Structure formats: structure tokens, C-alpha cells
Amino acid sequence: MAIKVGTVFNYLQLPNVSKFPFVINKRQDGILIQKGLFVYTKSNEGFLIGLIEEIILLNEYFTDALTIKAYNNSYNPNIIKGLFPSKDFEFAIAIVKCLGLIKFKDENSKEIDRVQRMTYPASPGDGVFIVEEEILFKFLGFNSEYGLDIGHVKIINSSAKISMNRLLNKHFAILSISGGGKSYLTSILIEELLSRKENFGTPAIILFDVHGEYIYLKDIPELKDKIKIQDISYFQIGVPELSAYSFKKYQEQISHVQVRELSKYIKKLKRDKDKKNQYSLKDIIEQIENESDGNRSTKQALLGWLSELERLTLFGSQENPILEKVLNKQEITIFNFQKEISIRKKQIIVDYICNRLFYLRRINRIPPFLLIVEEAHQFCPEAAHSKAISKPIIETIAREGRKFMACLCLISQRPKKLSTTALSQCNSKLVLSIKNPYDLKHLMDSSEAITKEYASMISSLGVGEMLLMGNAVNYPVFIDVRQRKFKSRSEEITLAQFCLNWQKKELN
Ligand SMILES: Nc1ncnc2c1ncn2[C@@H]1O[C@H](COP(=O)(O)OP(=O)(O)OP(=O)(O)O)[C@@H](O)[C@H]1O
Ligand SMILES: [Mg+2]
């Protein structure tokens, strides 16, 4: 049965098409009317649904300065209160932001046919009711059967099960300050994706784990078969996969003349039957050194550039791991960058993996995938801040990936430092707490759905609270993120405990 919570009335210039005010009934059935609650009224056009945006307390008795003076000056205010029940003059009103008109399939069903924009205000005098959970679920665009369960809708406690198709269809970003809960939320999404029933269909997942925060997943018995960890200390770029031009990407100063020269040497190596198309950077260097023809200074310059690259110990005769074989549907491959400190080396690896995966996906040799990039501002920064070798490919996947079922998830604690091109392609945004005004402004610039009100609410979110907006839901909604099902061991260890353990390790 519908629960009535108030009555529409005239207040200031309202109701208009986008907002209506209502007087809140005195508390009943323990229902607390709060900001963020979804309510509806039956307007001339139909079932008008809205969100309580503000609650105002009014008391006619205290609007007059003279009355307040008398009240304060009286010897005992309780006597005045007794004589004049000022509390009875208090009433609460709520301002509701209209979201849409629901059209049902038929009179008695709760099946939503479509949601329309409203063109006429709510009528003063009409009742206001709480939206039932079942209707709200459909209205927001959640998917009760196949959805990813990430927590509860704030205030109403209805579970938030976002549709995987809608979330992954157009890329998404997870943003917050450091410690806001981005990695925690990502691990919940991973839990949900890996635990889906097989016949629901789930893409492969690749994750660039910059700090080794996801390695704990391998210790979880329920998931461990679906988890592959690749330590990037053993990572090798397959030199035969690279054209002479791609070396220019790694060493910008290589001139076009030198690239042309380099491509001659590479061609020779490719023709060498003994090598069977397996040659490393060392082989190219030897080839140049042993070659008697050619301009000496060009050769010297090339040798200089290539030797510098060789020092990175990244370029082998075959890629390792073989990316075409690593990916499987509903499995996650975690590239662990924990031990690597060179940002250039990390960017080269990310660039190579992204390029190869996107190429393999385009020719349909690997399953559809979700690529999660932690600390995305390091790999795809805004031009004004710094350059990154991996930026063009991440932007390309952001622009074109959707057509090839390659989905991107960018995670960052500094949205302002993240490429605007990439961020604006992330249609769904999972925003946890952000305090920095520059970051908030950047977010508002990249998404018109984030209004000033939302921006101020984002800055006051606590750990584990988030705003979900964009393609994944029909309307922006605040969610309490659930706890992890599978806990990491380090999560339960306090700093003090860690120090004690460390001491013991030292003694042994
Ligand atoms: N939904 C949640 N429920 C319970 N605890 C949470 C939740 N979200 C975050 N936390 C707590 O907050 C801590 C920090 O979260 P997390 O490591 O995900 O932050 P982060 O945003 O990834 O930070 P950084 O940007 O520094 O990587 C977690 O270790 C966890 O204890
Ligand atoms: Mg993190």
C-alpha cells in the first residue's frame, strides 16, 4: 500500500514544471522524511516521480523579531511555551526536484513502459507518497536478476544492482581523493563480475595494479582459479611485433631519416631464415654494428638510442606473456607493477599491452574485455601536466573501444590531471569523496549531469559513499557501497600489528 507522506502546496513560486513543494505530515510509522528520498504524486499527466532536494522547517511564531525578543527576555521561557504552544506552529516542508513521468504498461501493473519528461506542474492539494522499492528499482535502471550488487541506495536501503551491460557499454571512471575507497569499490566490481553465473556472459578483465593491492584475490579459494597474476619484472615486449616507427614512440628524438635506416635493418632481420622472425633489440644493435654500408653518423645515433632502450631490459625476441593466450572470458589478469619504480618503463609496458590487446580485439582474436587502469592520471595525463607514451592508445580505446567491445575503467585520485578526452568518454562515473575544488570543477566541466548541488554533496561524502551517474543509471543516485565479500588479510591488520610483525621478521 502506498505510504502518504504529505500534501503538495504553494510555496514561493512553486510548484512549477521542474519542482514542487509539499508539507510533510507529522511523523508516522517511524518513517523519517529525508533529503534524497524518492517520492511521487499523481499530477494531471500521470505518475510524477521526484527526489527530495531540500527540507525546510518553518515556524510562523518565530518569524517576527519582536516575538523572539519577548521570548528571550521572559523570566522563564517555559512559562511562555506553556501559555503559547509555539511548537505547534512548526511545520516541515520538502522541496522536490521532478525527475520524470512514469507510464505503466497497464493500470494495475508495476511494469514501467517508458519514462517521459514532464510538461505540467504537480497540483497543490494532491497527496505525496513514497515510491515503492520495486518501481524505484526499474525507474533507476537497475537490474534485479543479472545486476552487479554494489551496495544500497542511500536513505531507502533498496539494493543497488547495476546492469553490467549498461556500465560496461560506454566506459566508466572511478574518482575520489586518496583513501576514498576507489580500489575497494573496484575489488567489489571484480567480485561481482567473477561470481556471475557462467551463462550470463562476462568479459575478460585486465587490471594494471600499480601498488599490488589486488594480489590478495589469488588467496581466495572461491576465486583463485579465475585469477592470473603477471609480475611485470618478467614482462617482455616482442621486438618482432614492433615496426621501425614504433621505436620513435619510445625515443622521440629519433629522426625520420634514422627511422628509415632502422626499418632497413629490421627488414634484413625479418628475411634472415635462421632467426625465424625471433629477434631482440640486441640483434638489431648487432645488425647495425656489423653492417659495413650506411651513413656512419646515422648508425652511431641509432646505436645510441637503441642501447639506451636496451638498458630498460624490456625488449625481447618474443612477448612474455603471450597476450593472445592470457585472456579468457570471466577471468582476470592482474599486471602487478608493485616492484617497478620507473614511470617511463611502466608507461611503455601499459602502452604495449593496450596496443596489442586493442589490435587483437579488433581482429576478434581475444574475448571482449574490460581494461581497468589504476592511477590513470599517470598513464593518460592531461597535456598541460605531463606527457605519457601510453596516452594516445588509452584515448583511442576511450574513443573507439566501444565499437569493438573493449571497455575502459579509469581510476584516479586527481581527475584534474587526467586527460579530458579520456574522462569525457567515460560515460558512467562512480564518484566517491572529492574535496579539491579544482578537481570538482574539472569533473563538472567533463559532465553536465554534475550540477553545483551535486558537487557540494560529493565533497561531503564519507568513505564508502558514492554518487553513481551516467549511462549505468537513469538518474544520478547516491549509494552506500557494500563491504567486500572476500576480505584481504592485510585489511584486518592494524598499523600497530604490522609494526610488531615487522619486528619479528627482523629478529628471525
Ligand atoms: N565500502 C567500504 N566499506 C568499508 N570500508 C571501506 C569501503 N571503502 C573503503 N573502505 C576503507 O577505506 C580504505 C581505503 O580505501 P581504498 O584503498 O580503496 O582507497 P583509494 O581511493 O583506492 O586510495 P588511493 O587513491 O590512495 O589508492 C580501505 O582500506 C577500507 O578500509
Ligand atoms: Mg587505490
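Helices here are DSSP runs of H or I with at least four residues, strands are E runs of at least two, and both are numbered from the N terminus.

Before moving on, a word about what is on screen. This is a predicted model, in which local features need pLDDT of at least 70 and side-chain atom pairs count only at pLDDT 80 or more, while totals for chains, interfaces and linings use all residues. Residues are numbered from 1 along each chain as its sequence is written, chains are lettered from A and ligands numbered from 1 in the order in which they are written, and side-chain values use heavy atoms, with hydrogens and water left out.

**Stop 1: around the ligand**

Next, pick out some polar contacts, which here are pairs of N or O atoms within 3.5 Å. A polar backbone atom of G181 sits 3.0 Å from an oxygen of ligand 1, and a backbone N or O of G180 lies 3.2 Å from a ligand oxygen. Select R482 too: a polar backbone atom there is 3.4 Å from a nitrogen of ligand 1. On its own, ligand 1 has 630 Å² of accessible area (Shrake-Rupley method, 1.4 Å probe), and the protein covers 72% of it.

**Stop 2: A122**

Go to the loop between β6 (112–116) and β7 (127–130), where A122 is found. Is A122 buried or exposed? A122 counts as buried, because its relative accessibility is 5%, and buried means under 20% relative accessible area (1.4 Å probe, protein chains only). Leaving aside neighbours within four places in sequence, A122 is in contact (heavy atoms within 4.5 Å) with V8, P15, F20, T41, S43 and L48. Draw a line to T41: it lies 81 residues away along the chain, yet the two C-alpha atoms are 7.2 Å apart.

**Stop 3: zoom out**

Finally, view the whole protein. Its C-alpha atoms fill a box of roughly 110 × 60 × 45 Å along the principal axes. Buried residues make up 49% of the 508 residues.

Methods. A polar contact is a pair of N or O atoms within 3.5 Å; within protein, one must be able to donate a hydrogen and the other to accept it, and residues adjacent in sequence count only if both atoms are side-chain atoms. Buried means under 20% relative accessible area, exposed over 50%, partly exposed in between (1.4 Å probe, protein chains only).
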